[in-house]
Every structure is written in structure tokens, then in C-alpha cells.
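Please keep the sequence and the view at hand while reading.

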Amino acid sequence: DMDRIRQALGESKINYLGYSYGTLLGALYASRYPDHVRAMVLDGAVDPTVSPEALLIQQAQGFDAGLERFFAWCDTKKACGFGDGNSAAAYHRLRDQVDANPIRTDGRTFGPTQLDLGIGSFLYAGADGYRTLGQGLAGLRDGDPSILLASADDYVGRKGDGHYDPSWGAFLAISCLDGPPAGTTADLEAMSARAAAAAPDFGASSVGLGLPCATWPTKPVFPQPAPVTAPGAPPIVVIGTRNDPFTPLAWAQGLATQLGTGHLVIGPGAQHTSFPQHDSCLDPKIVDYLTTNY
């Protein structure tokens, strides 16, 4: 499909900037059509050799680490407004309360699922999301989950009228059809316990997001993890953010090595993806590559 777009545009080669899942699409395109690539940047890279269980657990560990970085920020910033210097303890008390007694508000329920999704959505933004996350947790402590509920809704594409945009359904369909599969519901239940041990805050919920694929009726395109190589492609820039909560830096390192023509660039911060972030070191290098590498 991507190469049909190239043909329709009348271009002999493409310039490609892919983020997150888009890095897998780019890598597969370069593998299949190396002569059709002029320049390619893959930011927030996915490593196709990582097993489904390792992928879910490593993502959960990334979010756990992101939450710990938020706690460290919150404990030293008055602007946080949550936790009185021990935000981690305050958060876990609050989490236990929400688990035991979900909050009913405007005909909706705010429980552990909404809490995880709401916090995770803020962690995607790294430090830029900390202030609002602190406000959301302070509001939840005082009985008002509106900030975190809105964040959870944004994560899954829920609109104010209760309808959903196509993004979450598309995410599930594409993930399940791509594969590799994580296993049956029984496999995922066992995996959930292992994930919770490896990542106490986000492990179980991370595995839970994979449940629809356990009963998906169509076989996946990729039944097993496998490397993607692109011999004959021009140099491909693979960006990994040092503390990315969703696509760990190790994945970018892995993909850059597999491609054969990959060149790893490490971006600063704790957000998901790095370009552009107005970084005086990284941004000019990527712009120069995209505009002058012929």
C-alpha cells in the first residue's frame, strides 16, 4: 500500500518519518523496497525480535520507571500539589482506595483501569505532563477524578458524547492482525502475574490490554518474532529516547542493528519519541539528514 502511494505521487524514492508503530511500517518498507528509500527516520522504534510477553513487560517497566520519575519531580516541586513530599506513598494509598471503592461521577465509573490509562497518557509526554498529572492526582485525592478521567478518555478516543473515534478499535485490530500472538486467555492470566511482579504499577494492566487478541478470529501475519533487515537501503536514522516509557531505548538499539544500514541517535528526556523536541543537538541533525542526504 505504501509503495502504491509512492507510485501515485510519481516519486522514484520516498522520504519517510515514522513514529512508534510507524517505525515497524518503515522498517518493513525498507526491507521490501530498499531502492525506493531516499531518507528514513524511525523515532520511538519497535524491535520486531522482542517476544509478546517481553514487549508487554518491558513497556510496563518503562511506565513504572516513568511514574517513579514523576514522583521524584513531585517531591521537590510545590507546583505538583500532591503527596506532601512523599508522592509515591500517597499515590499507592490513593490507588488502593480507588481499587476498593471506584468513584461514580456523572453516570460513569472511575476505577483502576481509568486510573492506569489516565496516568499512562500523561507519562507519554514526559516532564511536560508532570504538572497536570500532579493536579489530576490532587483532584482525585479530593474526590474529583475529572482530569484523569479526561486523560483516560483521550487515550482510548472517547468523546464527550460517549462515542469513540476509530483509533482504539484500529489499534486493537492492527495489533492483533500483525502479531505475534501473546497466547490464550489462560496464557495471559499467567503472564499478568509475572508482569505484576516485574512492574508492580503497570504490569497487570499492560498485559490486560492484550486480551482482545487472545480471542481474535483471524491468524496474525507474523506468527513469530523475527528481525527486519534492509540490505541495500540507504542509511536509516533510528531514534531512541533515553527514558521513553513506551518504546524502550533497547528497542531502538535492536532495530538499528538489525537493519544493517541503521544509525542510532539517542534523544534526551522521558517522553515517547524525540523529534522534534526543540533540542539544539538532535533536531538540527535530523533536519539536516532529511533535507540534504541525497
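A residue counts as buried when its relative accessible area is under 20%, as exposed when that area is over 50%, and as partly exposed in between, with a 1.4 Å probe and the protein chains only.

## Basis of the report

The model is predicted, and local features need a pLDDT of at least 70, side-chain atom pairs count only at pLDDT 80 or more, and totals for chains, interfaces and linings use all residues. Residues are numbered from 1 along each chain as its sequence is written, while side-chain values use heavy atoms, with hydrogens and water left out.

## Aromatic pairs

Rings of Phe, Tyr and Trp (the six-membered ring for Trp) pair if their centres lie within 6.5 Å, and the pair is stacked when the planes are under 30 degrees apart, edge-to-face when they are over 60, and tilted for the rest. The search of the whole structure gives 13 aromatic pairs. One of them joins Tyr29 and Tyr33, a tilted pair with 5.0 Å from centre to centre and 40° between the planes; Tyr29 is buried at 4% relative accessibility, whereas Tyr33 is partly exposed at 27%.

The pair of Phe71 and Tyr91 is also described as tilted, because the ring centres are 5.6 Å apart and the planes stand at 50°. Phe71 belongs to helix H3 (residues 52-74) and Tyr91 to helix H4 (residues 87-100), so this pair ties together parts that are 20 residues apart in sequence. Helices (H or I, at least four residues) and strands (E, at least two) are DSSP runs, numbered from the N terminus. Phe71 is buried, with a relative accessibility of 3%, and Tyr91 is buried as well, at 1%. An aromatic cluster is formed by Phe63, Tyr124, Tyr155, Trp168, Phe171, Phe202 and Phe246.

## The second largest pocket

A pocket is found on a 1 Å grid over the protein atoms alone, as an open set of points where a 1.4 Å probe fits, with protein on both sides within 12 Å along at least five of seven lines, and its lining residues have an atom within 4 Å of a point. The second largest pocket has a volume of about 510 Å³, a volume being the space filled by probe spheres set on grid points that are joined across faces, edges and corners. It is lined by 14 residues, and those closest to its centre are Met2, Leu25, Leu28, Tyr29 and Arg32.

Helix H1 (2-9) and helix H2 (21-32) each supply at least two residues of this lining, and H2 gives the most, with six. By class, the lining holds eight nonpolar, one polar and five charged residues; here Ala, Val, Leu, Ile, Met, Phe, Trp, Tyr, Cys and Pro count as nonpolar, Asp, Glu, Lys and Arg as charged, and the others, Gly among them, as polar.

## Salt bridges

A salt bridge is a side-chain nitrogen of Lys or Arg within 4 Å of a carboxyl oxygen of Asp or Glu, and by this rule the count comes to six. In one of these salt bridges, Arg194 meets Glu53 at 2.7 Å from N to O. Arg194 lies in helix H9 (residues 185-198) and Glu53 in helix H3, so the pair ties together parts that are 141 residues apart in sequence. Arg194 is partly exposed at 42% relative accessibility, and Glu53 is partly exposed at 25%.

Arg95 and Asp116 form another salt bridge, their closest N and O atoms being 2.6 Å apart. Since Arg95 lies in helix H4 and Asp116 in helix H5 (residues 112-123), the pair ties together parts that are 21 residues apart in sequence, and both Arg95 and Asp116 are buried.

## Backbone details

Two cis peptide bonds deserve a look in the view. One joins Gly179 and Pro180, with omega about 0°, and Pro180 is in the loop between helix H8 (167-178) and H9. Another joins Phe275 and Pro276, with omega about -10°, and Pro276 lies in the loop between strand E6 (262-267) and helix H13 (282-292).

His278, found in the loop between E6 and H13, has a positive phi of about 60° although it is not a glycine, and it is exposed at 78% relative accessibility.
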